[in-house]
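Hello,

Here is the structure I promised to pass on to you. Have a look at it first, and then read on for what turned up in it.

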Amino acid sequence: MEDEVIIGLEVHVRLLTKTKLFCSCENREVEEPNTNVCPICMGFPGTKPMLNEKAIELAALAALALNCKINKTFSFSRKVYFYPDLPKNFQITQYDAPIGIEGELMLLKAGRKIRIRRVHVEEDPARLVHVGGDITSASYALVDYNRSGMPLIEIVTEPDLKTPAEAREAVATLALVLGHIGVCDPSAESAIRVDANISLAGGKRVEIKNITGFANVEKALLFEIARQKQLRAMHIEIEQETRHFDEIKKTTSSLRTKESEEDYGYIFEPDLLTYHITDSMISSLAPALEELPSKRISRLISKYQIPENYARIIIYEGKNFADFFEHTADIFEDRIMLAKWSVGDLLKCLNYNRIDVSQAKITPQSYAEFLSMIKSGEITERLGKELIKEFVATGADPRRLAERYKNENFENLDLTQVIEATIKENPKAVEDYRKGNQKALQFLIGKVLEKTNNTADPKKIRDMLNARVAQ
Amino acid sequence: MQAAYAPFISVAESIRFEITPQSLLPGVPVAVKDNICTKGMRTTAGSKILENYVPPFDATVVEKAKKEGAGIVGKTAMDEFGFGTFSTNCAFGVPKNPLDPERSCGGSSGGSAGAVAAFKLPIVSIAESTGGSITCPAAFTGTVGITPTYGLVSRWGLVDYANSLDKIGTIGKSVYDAALLLSVIAGYDEKDATSLRTQNTDYTAFAKPDGKKLRVGLPKEYFSSAVDSGIVKEVEMLADRLNSLGFELEQVSLPSTELAIPTYYIISMSEASTNLAKFSGLRYGLQLEFDEKQNIEEYFTKVRTEGFGEEAKRRIILGTFTRMAGYKDRYYLKALKIRKRIINEFKQAFAKVDVLLAPAMPILPPKFSEIEKLEPAQVYMMDILTVAPNMAGMPTVALPIGRINGLPVSVQVIADHLQEGKAIQMASIIEGLNGR
Ligand SMILES: [Zn+2]
């Protein structure tokens, strides 16, 4: 009999604010360690936290997007534990009254909703840099406080997930939803970090800490399920413990065993007040909720008259991609062509380069120019498909790219000579074509195009081939 | 003075006054309790674990005092993190009472009061009270201490004891001096979320021995047998005198007073135990040799064992216990409820009277030899008259009204939230009666 798997997630999402949660340091990753810090986020004795109200707004927005009940009066608590990444040895978080409770998240592939237990705001601890290995093998660790005090929300699901694939879908869906409404930027480094709780029915609960990347969520859980099933098959009891996921080996290893639930001795944070979410704040968030993926898909279809499958792909690529599409649509009229190129070659090139559109050096203006060159016949579609690779990779001006390409390749070539050479090299295809095989013609056109590096006009090649073969 | 009475932990090497014709404190020496941050000047909070902490910023109160032309002359001795009643829990020497060096200055702001009492100069002190740490040393040294409404004075730069109770206040030689310094340091500060949005007020305007006849309440629980009978008699004589001068007197009751001490200690220790967590030796606290065989918890334990004094350790252990999951309902959360009840009782009293008048401390300043014999619980009982107004966040002025065997007897005048003016006015009237 298959053991039932029970999975619950704690998803930490970095909020998209300008400054940190309790001080005026910038809320962005800074490379040089310990340079984006101040006495407050380093917990100097004598400092006090100042609440960034934008973070509350974004947390409330996230809670609304997840259909949570909103706690209109909320407060902060101190969660006390001794760990080198916490400068104060307590974390300011929400305990008794989180911003949102009892929400839900629709998983399309799984075809059902899972329940969200709570959404609360908290400060990020510092980053530990393990030297000479990972957390389990390093000889020592350094502390980088740049991340200390960055604003997070923690989204806790009920243990409603049944497979690693569902867990992966849940995290990806959260990233998509929260990305579109501007709560977070899922493309930023470690903007989403997951703790996964997993048990086999009747077994003890194991927590896998700090997983980044959707695929890793699935891989970590797959390994862990296999490990637990193996132990069970050998009649070895599964220990309640916290484990670490090794991204390279794709395995989990034990960090510490938990004899009982940890007691953090929560008290109310006495340096902060009780805060209120007003009805006017909630109504001011309504426009952002219009950007929820389902609503945005409908809007794309009706506003730009594009097919649903295109709209869906554009939205599922995330907010940055959808924004890029819409900004281009503002200045390029053939929206169907735009959509087709976007979900086709543009996406392919971005994926090939493993970059988000916001990281690529192309702009809606240069992309629109590129498309209009194709539309006007200035370059062929085939050449376009070739040029877009370099265009996306370098962000170079598309018109210059095309000119350079033509100069380097075909301008000086005589198309007649290329056709002659192709015919000589492919006698079988020529023969087939003479017998009326249209596929053979396509094959020959392709060969000619290849030789011209896709710079020649396929229609012209067809005419010339026809004329030449008919001789 | 430092040699005789040791009010300071550190003294300034030199002072630059920034004085303009408008300065409110031109050239005035100000002593600052050593749990209040001073930029570039060591701030220890009386603890060995912070012996090398030099803050890179000034507390808001220090900044404000300097801006008005004052100079910070030194950082005053105190019980470690404010944990004490006699300033005997200080890691850097115990301040002595200038009225009798064999006796305590009181605590925890003992050095702040001691410095004011010791110098025949117009010196004032910035002090701090969590459960009575301004009223107590003011009473024991015969000085005037003002504990303002919670939130009136910014706590930015205060090394926390119990954040929901901590109040920075003033100690001076007269009601006027203490009121003047309060006028300078009070006011809203965006760097402290709990600071109140108030108008700037000149409290010296209330420091006059005349004005309208206030209604005076005498809370009967503050005149109990737990208070030295000589002190009770002095305060009752004062009340009679006020009555004969036409002040309306009324006996009032604050029935939850007896719950105030356990409630106060539960809340303050719960908060304190979290505040002290940061002193673990990683970022803050002693830097000891790290033994490769130790794990990080063992290192933290070693630093905390060596760095904290006995009373700090006691409060960390008790405060951790009272907030643990299984006990939180019975202690921490219950204490928060009783605190609300105590506030309501004060509010009811202030619906009938303008100010409350009561003894400041239940005993006269004790000798160090007597203090040594006290058990911790007996020491905690010394706060019986001060913790309730402190927990309610009510403004209080403590001032001397007479002497018994050469030792000062003091009263406290308590007013409703943000009614510092009334407390200062009543205190000035009393001060005037004693022919100052
Ligand atoms: Zn900061």
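Before the findings, one term: two strands are said to pair if DSSP finds at least two bridges between them. Please also keep in mind that this is a predicted model.

With that in hand, let me start with a strand pair in chain A. Strand β4 (residues 77–80) of chain A and β5(A) run antiparallel and are joined over 4 bridges. Which residue of β5(A) is the bridge partner of V80(A)? That is F90(A). Strand β5 (residues 90–93) of chain A is also covered on both faces. F90(A) and I92(A) point to one side, Q91(A) and T93(A) to the other, and all of these are buried.

The search of the whole structure gave 6 cavities of 30 Å³ or more. The largest cavity holds about 230 Å³ of space, and 26 residues line it. The lining of the largest cavity is made up of 11 nonpolar, 6 polar and 9 charged residues.

For the second largest cavity, the volume is about 100 Å³. Its lining counts 15 residues, and those nearest the centre are G82(B), G84(B), S133(B), Y264(B) and D383(B). By class, the lining of the second largest cavity divides into 4 nonpolar, 9 polar and 2 charged residues.

Next, the metal site. Which residues coordinate the zinc ion? The donors are the SG atoms of C23(A), C25(A), C38(A) and C41(A), at 2.3 to 2.4 Å. The angles among these 4 donor atoms run from 103 to 114°, and the site of the zinc ion is tetrahedral. For reference, the ideal angle for four tetrahedral donors is 109.5 degrees. Along the sequence, the donor residues follow the spacing C-x1-C-x12-C-x2-C. C25(A) and C38(A) both lie in the loop between β1 (5–14) and α1 (53–65) of chain A, so this pair ties together parts that are 13 residues apart in sequence. Are these two cysteines, C25(A) and C38(A), buried or exposed? C25(A) is buried, with a relative accessible area of 9%, and C38(A) is buried as well, at 18%.

Now for chain A as a whole. Its secondary structure amounts to 16 helices and 16 strands, and 52% of its 471 residues count as buried. The C-alpha trace of chain A spans about 90 × 60 × 45 Å along its principal axes. In chain A, 9 strands make up an open sheet of mixed pairing, in the order β2-β6-β7-β10-β1-β11-β12-β13-β14. At the edges of this sheet are β2 (69–70) and β14 (251–257) of chain A, each of which pairs on one side only. Within chain A, strands β7 (residues 112–123) and β10 (residues 151–157) run antiparallel and are joined by 7 bridges. There, E122(A) stands opposite L152(A) in β10(A).

Last, one residue in chain B. S410(B) sits in strand β13 (residues 407–415) of chain B and counts as buried, at 4% relative accessibility. Its C-alpha atom is 9.4 Å from that of T141(B), although S410(B) and T141(B) are 269 residues apart along the chain.

Best wishes

Notes
Residues are numbered from 1 along each chain as its sequence is written. Chains are lettered from A and ligands numbered from 1 in the order in which they are written. This is a predicted model: local features need pLDDT of at least 70, side-chain atom pairs count only at pLDDT 80 or more; totals for chains, interfaces and linings use all residues. Side-chain values use heavy atoms; hydrogens and water are left out. Donors are N, O and S atoms within 2.8 Å of the metal (3.2 Å for Na, K and Ca); water is not among the atoms, so sites may look incomplete. Four donors count as tetrahedral if all angles lie between 85 and 135 degrees; four count as square planar and six as octahedral if opposite donors are over 155 degrees apart and all others between 65 and 115; anything else is irregular. Helices (H or I, at least four residues) and strands (E, at least two) are DSSP runs, numbered from the N terminus. Buried means under 20% relative accessible area, exposed over 50%, partly exposed in between (1.4 Å probe, protein chains only). On a 1 Å grid over the protein atoms alone, a cavity is a set of points where a 1.4 Å probe fits but cannot get out, and a pocket is an open set with protein on both sides within 12 Å along at least five of seven lines; lining residues have an atom within 4 Å of a point. Grid points are joined across faces, edges and corners, and a volume is the space filled by probe spheres set on the points. Ala, Val, Leu, Ile, Met, Phe, Trp, Tyr, Cys and Pro count as nonpolar, Asp, Glu, Lys and Arg as charged, and the others, Gly among them, as polar.
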